[in-house]
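Here are a few friendly notes to read alongside the model. Take them in order, with the structure open beside you.

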Amino acid sequence: MERYDPEMTPAAEEWLETDEGERIQLVEEYHRDARIPLLKRARRLHASMHVIVENQLAANDEPVVRALGRLMKEGLSRHDAVHAIGSLVAEEVYDLLKERDPPETAHARYYAAIERLTAATWRARGVD
């Protein structure tokens, strides 16, 4: 894989065959080249959230695929929809570390949040 553009769906097979570190680098390069301002210390974390969401989409994780389609129908760009889903990934990771719930519980909570996610609720959180 040579480039990443969050507005274009990567070919699933090619995406998943690309080394994870290379995926993160491609996302970082996209944001740098597009001159999207990110805090230096947050670049890798931001790119990692993109990669996690793209991995779920490439693996055809049904709730995530449905959420992406729903968010885009509600007016978000693909890039913003990836951010909206990524914000829930970050919350799941935080909850896993903080709550120390079994992974199954955290995952169920994540899927429930994915099903409730709308463009309006994401925008209301002030993270776009």
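1. Helices (H or I, at least four residues) and strands (E, at least two) are DSSP runs, numbered from the N terminus. E13 is found in helix α1, residues 12–17. This is a predicted model, where local features need pLDDT of at least 70, side-chain atom pairs count only at pLDDT 80 or more, and totals for chains, interfaces and linings use all residues. Residues are numbered from 1 along each chain as its sequence is written, and side-chain values use heavy atoms, with hydrogens and water left out.

2. Is E13 buried or exposed? E13 counts as exposed because its relative accessibility is 59%; the cut-offs are under 20% relative accessible area for buried, over 50% for exposed, and partly exposed in between (1.4 Å probe, protein chains only).

3. Now the aromatic rings. The structure holds 3 aromatic pairs (rings of Phe, Tyr and Trp, the last by its six-membered ring, with centres within 6.5 Å; planes under 30 degrees apart are stacked, over 60 edge-to-face, the rest tilted). In one of them, the ring centres of Y4 and W15 lie 5.6 Å apart with planes at 40°, so this pair is tilted. The pair links distant parts of the chain, 11 residues apart: Y4 sits in the segment before α1 and W15 in helix α1.

4. Y4 also pairs with Y30: their centres are 6.3 Å apart and their planes at 85°, so the pair is edge-to-face. Here the link spans 26 residues, from Y4 in the segment before α1 to Y30 in helix α2 (residues 20–33).

5. Y4 and Y30 are both buried, and W15 counts as buried because its relative accessibility is 1%.
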